[in-house]
Amino acid sequence: MEQKTIYLDNNATTPMHEDVIEAVHQANVLFGNASSMHSYGREAAMAIEESRKALASLIDCNPSSIVFTSGASESNNTVFNIFRERIDLGSKRNRIVTTTIEHPSINELVKYLRNLGYRVDECPVDGSGRVDPEVMKTYLDEDVALVSVMAGNNEIGTIQPVKEIAGLAHEVGAYMHTDATQAIGKIPVSMQSWDVDYLSLSGHKFYGPKGIGVLAVKPKAPYTPLVHGGHQEGGKRAGTYNTAAIVGIGVAATLAERDLEEESKKLWTLREMLRVGIEERIPNVVVNGNQEHCLPGTLDVSFPHAEGESILLYLDMEGIMVSTGSACASGSLEPSYVLLASGVDIELAHGSIRFSFGRYNTEEDVAYVLEKLPPIIKRLREMSTR
C-alpha cells in the first residue's frame, strides 16, 4: 500500500501551480533575447512586460517600479548595498535599523556589515515576535538611512505593523524597506498603502518558479545596482532575462491576486483546525507567535521534552513533511534565533515545529496529522524521561 504524503512546509517553498507550469513550458519557446531589437527579441520582451504589469497589480505599484531579480535574497542584499554605498560616499545618514527576527538574507548580512564596521541596529520584538512601534521609535533619529522590517515572519507567521513603522521612518527622513516574501498571496500587500520605498518578494513562495523574484522600488528612491554589466531593467539589474521564469512569476502573481480572499480564508481555517486539534490531543504545548496578527497557514508549536528534529523525522516516516524553522537557516542544530529573540526559552525553541499550509492542503491532511502526531510526541517524551 502506497504511503500517504502530506506537504506542510509551504513557507520553505511551494509547488508550481499547474497554470504556471504550462506558462513556463510555453514560454521556453520564446528563446529570443529580450534585449534584442528583432522580432524574436521583441516577442520575449512583450511577455516580460506583461508579467511586470501583473506583479505591479499584485503589490499595488507602478510597473516601472518592478525590477526582476533572482529572488528576495538578492533583492534584500541590493537594498542594503544601496545604503552601504551612500554611507561610503560620506552620507551623514550612516545607520541602518532592522529587527532581530529578519530572514537570514538580512540577518546574516547585518553580521557581515557590522564586521566591516557599519552601524546596524536591531530593534527587539515582543514575546509574540512583533515589533512595538513605540520601541522602534526609540531607535530612529536623523542619522538613520534605512529601516528594514519584514511584513510577515517565515517561522512564526507574525505580521508586522509595516505601515506604522514606515511612517516613523519617514518622519526622521529615512527610507523604508519590507521583505514581503511570506505575505504575498496570503494577506493584502500594497506598496502604496504601506508607503514603503522598497519591497522584496520571491516567486517560489506563491506557486511560481524558483530563481526569480522582484525588488519593487518607489520612484525617486535611491538606487545602485548590485549586479553590473548590462542595460537590462533600465540599468538596475544586469543579466540576460530569464524569460520563462519571468512569465511564470507573472502568471503566479495573477493567480495570487485573483484568489487572495479565498486562499487566505482557507489557509486560516486549516491552521486553526490543526492548532485546536493539537491543543485538545496533546498536553503541555505552546503555540508561538502572535495569534491576532498572524499569516494564515503558519502554525509554529513547541512541544516541551521532545526535540524538534526528532519530531520532524518521525513525522517524515509517516509521510508528513514539516520544518523546525526557516529552511534557509536549517543545516544547524541550533535553536531558532527567531524564537529566542521572541523570548522563548531554549528548551521550547529546540522543541518547535512549523506547520505551513498551502493551497493544495485539505482538511483530510489535518486529520491525518492529528492521528499521527500525538503518539509521536508521547513516545518522544517517554524516551526523554528515561
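Biologist: Which residues of helix 2 and helix 8 meet?

Modeller: In this predicted model, Ala44, Ala47, Ile48, Ser51, Ala54, Leu55, Ser57 and Leu58 of helix 2 meet Thr243, Ile246, Val247, Ile249, Gly250, Ala253, Thr254, Ala256 and Glu257 of helix 8. Helix 2 covers residues 39-59, and helix 8 covers residues 243-281.

Biologist: Why are helix 2 and helix 8 called roughly parallel?

Modeller: Their axes cross at roughly 30° and come within 8 Å. Angles under 35 degrees count as roughly parallel, so helix 2 and helix 8 are given that name. The crossing of helix 2 and helix 8 is left-handed.

Biologist: What makes helix 1 and helix 8 roughly antiparallel to each other?

Modeller: Helix 1, residues 18-27, packs on helix 8 at an angle of about 150°, with the axes 8 Å apart. The cut-off for roughly antiparallel is over 145 degrees, and therefore helix 1 and helix 8 qualify. Their crossing is right-handed. On the side of helix 1 the meeting residues are Asp19, Val20, Ala23, Val24 and Ala27; on the side of helix 8 they are Ala244, Val247, Gly248, Val251, Ala252 and Leu255.

Biologist: How do you know that helix 8 is roughly parallel to helix 12?

Modeller: Helix 12, residues 363-384, packs against helix 8 at about 20°, with their axes 10 Å apart. That angle makes helix 8 roughly parallel to helix 12, as the class takes angles under 35 degrees. The crossing of helix 8 and helix 12 is right-handed. Helix 8 makes the contact through Leu270, Met273, Leu274, Gly277, Ile278 and Arg281, and helix 12 through Glu363, Val366, Val369, Leu370, Leu373 and Pro374.

Biologist: How many residues are in the largest nonpolar core, and which have the most contacts inside it?

Modeller: This core has 68 residues. Ile59, Val147, Leu199 and Phe206 have the most contacts inside it. Helix 8 supplies the largest share, nine residues. Another core lies apart from it, with 27 residues, among them Leu8, Ile278, Leu299 and Ile377.

Biologist: With which residues is Leu199 in contact, leaving aside its neighbours within four places in sequence?

Modeller: Ile59, His177, Thr178, Ala180, Val189, Met191, Trp194, Val214, Leu215 and Ala216 are in contact with Leu199 on that count.

Biologist: Why does the count of disulfides come to zero?

Modeller: A disulfide needs two cysteine sulfur atoms within 2.5 Å. Take Cys123: its sulfur is 20 Å from the closest cysteine sulfur, in Cys294, which is too far for a bond. By this rule the count is zero disulfides.

Biologist: Is Cys123 buried or exposed?

Modeller: Buried means under 20% relative accessible area, and Cys123 has 0%, so it is buried. Cys61, at 12%, is buried as well.

Biologist: What places Val131 among the buried residues?

Modeller: Val131 has a relative accessible area of 2%, against a cut-off of under 20%. Val131 lies in the loop between strand 4 (119-123) and helix 5 (133-137). Not counting residues up to four places away in sequence, Val131 touches Thr99, Cys123, Val125, Met136, Gln160, Pro161 and Ile165.

Biologist: Where is Arg95 found, and is it buried or exposed?

Modeller: Arg95 is in strand 3, residues 95-99. Its relative accessible area is 7%, and under 20% counts as buried, so Arg95 is buried. Beyond four places in sequence, Arg95 touches Ile87, Arg119, Asp121, Tyr139, Leu140, Asp141, Asp143, Val144, Ala145 and Leu146.

Biologist: What is the phi of Glu233, and why does Glu233 count as buried?

Modeller: Most residues other than glycine have a negative phi. Glu233 is not a glycine, yet has a positive phi of about 55°. Glu233 lies in the loop between strand 8 (213-217) and helix 8. Its relative accessibility is 9%, and buried means under 20%, so Glu233 counts as buried.

Biologist: Why is His305 called partly exposed?

Modeller: His305 has a relative accessible area of 45%. Buried is under 20% and exposed is over 50%, with partly exposed in between, so His305 is partly exposed. His305 sits in the loop between strand 10 (298-302) and helix 9 (308-317). His305 also has a positive phi, of about 70°, although it is not a glycine.

How values were computed: Residues are numbered from 1 along each chain as its sequence is written. This is a predicted model: local features need pLDDT of at least 70, side-chain atom pairs count only at pLDDT 80 or more; totals for chains, interfaces and linings use all residues. Side-chain values use heavy atoms; hydrogens and water are left out. Buried means under 20% relative accessible area, exposed over 50%, partly exposed in between (1.4 Å probe, protein chains only). A nonpolar core is a set of buried Ala, Val, Leu, Ile, Met, Phe, Trp, Tyr and Cys residues joined through side-chain atoms within 4.5 Å. Helices (H or I, at least four residues) and strands (E, at least two) are DSSP runs, numbered from the N terminus. Contact means heavy atoms within 4.5 Å. Axes are lines fitted to C-alpha atoms, for helices over the stretch in contact, and angles run from 0 to 180 degrees between N-to-C directions. Angles under 35 degrees count as roughly parallel, over 145 as roughly antiparallel, 65 to 115 as roughly perpendicular and the rest as oblique. A crossing is left-handed if the near helix is turned anticlockwise from the far one by less than a right angle, and right-handed if clockwise.
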